[in-house]
Amino acid sequence: MIRRNILSDEGVRQQFINGVLALKDPARFPWPGQPGLSIYDFFVAWHHQSMMLFTPPTQRDRNSAHSGPAFLPWHRYFLLRFEGYMISALGAPDFRLPYWDWSADAALSDPRQSPIWSQDAMGRFTNPSVWQVRIVPSERGLTRLAQPRPLERSLGILGGPLPARDAVRTVLRDQPLYDAPPYNSFSSGFRNFLEGWEGPARIHNVVHVWIGGDMADSTSPNDPMFYLHHCNVDRIWRAWQLRYPNAPYVPAQSASNNLAFHRIDDTLYSVFRETTPVTPRRVLDPLSLGAPFSAANHYNYDSMADLQG
């Protein structure tokens, strides 16, 4: 099954919009034990919790899903589980999450005028009659808003420009190693350049900041753009994997316990009770048929030709 560019397939775009609206509805997809909250809100909370779990807890850089090697495997797993709920909401077994190719928009004279932000696409989600934010971060964790508020964005106000195509190609070409010690936001290697702690383009991170508002917080999945953004990040990782098929995931399982959640056979941080533990090793190939992948949820991308060069 194929993940497609949301701006090149109107049918997939409408499916994505319909799916997230369904998952946001507590009457249709309730968060068990949390009246008035939905499964969509559940995923927002999961992401926030992953950022609050530091590994080891004596530092404030690497957490269970960011600033470390598991950044890419964990988000692949996160997308996969969200995609499963979308398939259920839509009743469409062949549906796969689309991606937003932000490098194409980076080439526009004003990326804020991209069709992605039109009311026919993702612009509608800032309309409070369509979408409202229910949970936000606080000093003690998460706060459920007594009065839900509109989704916030501040397109292009903060940070640098969206990552250009050549900047992404440069990282794909020049970073043949997946990661390196100390396995945090100061590391060399492909993961850290793609995550955006290294390199002038700040690839993943700058997109969150460029969209701004709710996308710049630990509860960033409050904005459905999160899923389109991270599908494109996953697409870039897939292109890197195909370019360097013999480059191993690191660190090995023999690495220090300080790297818990990030070693190749560590169980990725989850709020699901998985029959088979989901580890970085198990999500390396989205075309494989071993857990968590199956014939019902494996995927590939419509094109990675733009990432060559």
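1. Y183 lies in the loop between α5 (165-174) and α6. Helices here are DSSP runs of H or I with at least four residues, strands are runs of E with at least two, and both are numbered from the N terminus. Y183 is not a glycine, yet its phi is positive, about 60°. The residue is buried, with a relative accessible area of 13%. Buried means under 20% relative accessible area, exposed over 50%, and partly exposed in between, with a 1.4 Å probe and protein chains only.

2. A word on the basis. This is a predicted model, in which local features need pLDDT of at least 70 and side-chain atom pairs count only at pLDDT 80 or more, while totals for chains, interfaces and linings use all residues. Residues are numbered from 1 along each chain as its sequence is written, and side-chain values use heavy atoms, with hydrogens and water left out.

3. F261 also deserves a look. Its phi is positive, about 80°, although F261 is not a glycine. F261 sits in the loop between α8 and β4. With 22% relative accessibility, F261 counts as partly exposed. Most residues other than glycine have a negative phi, and most peptide bonds are trans.

4. One joins T55 and P56, with omega about 0°. P56 is in the loop between α2 and α3 (71-90). Another runs from A291 to P292, with omega near 10°. P292 belongs to the loop between α8 and β4 (300-301).

5. Next, the largest pocket. Its space comes to about 310 Å³. Its lining has 23 residues, and M51, H66, W197, H204 and N205 are the closest to its centre. A pocket is an open set of points on a 1 Å grid over the protein atoms alone, where a 1.4 Å probe fits, with protein on both sides within 12 Å along at least five of seven lines; lining residues have an atom within 4 Å of a point. Grid points are joined across faces, edges and corners, and the volume is the space filled by probe spheres set on the points.

6. Which helix gives the most to the lining of the largest pocket? It is α7, with four residues. Helices α2 (39-52), α7 (203-211) and α8 (225-243) each supply at least two. The lining divides into eight nonpolar, eleven polar and four charged residues. Nonpolar covers Ala, Val, Leu, Ile, Met, Phe, Trp, Tyr, Cys and Pro; charged covers Asp, Glu, Lys and Arg; the others, Gly among them, are polar.

7. W197 is in the loop between α6 (190-195) and α7. W197 is partly exposed, at 36% relative accessibility.

8. Salt bridges number 21. The rule is a side-chain nitrogen of Lys or Arg within 4 Å of a carboxyl oxygen of Asp or Glu. R134 and D41 form one at 2.7 Å, N to O. This pair links distant parts of the chain: R134 in strand β2 (residues 132-138) and D41 in helix α2, 93 residues apart. R134 is buried at 16% relative accessible area, and D41 is buried at 0%.

9. R149 and D214 also meet in a salt bridge, 2.7 Å from N to O. R149 is in strand β3 (residues 141-150) and D214 in the loop between α7 and α8, 65 residues apart. D214 counts as buried, at 2% relative accessibility.

10. E195 and R191 pair too, with their closest N and O atoms 2.9 Å apart. They are separated by about one helical turn because they stand four residues apart in helix α6. Elsewhere, salt bridges that share partners join R3, R76, E83 and D234 into one network.

11. Finally, the surface. I157, L158 and V209 form a nonpolar patch with about 270 Å² of accessible area together. Patch residues have over 30% relative accessible area and no salt bridge; like charges are joined within 9 Å, and nonpolar side chains (Val, Leu, Ile, Met, Phe, Trp, Tyr) within 5 Å. Areas come from the Shrake-Rupley method with a 1.4 Å probe, and for residues only the protein chains shown count as cover. V209 lies in helix α7 and is partly exposed, with a relative accessible area of 31%.
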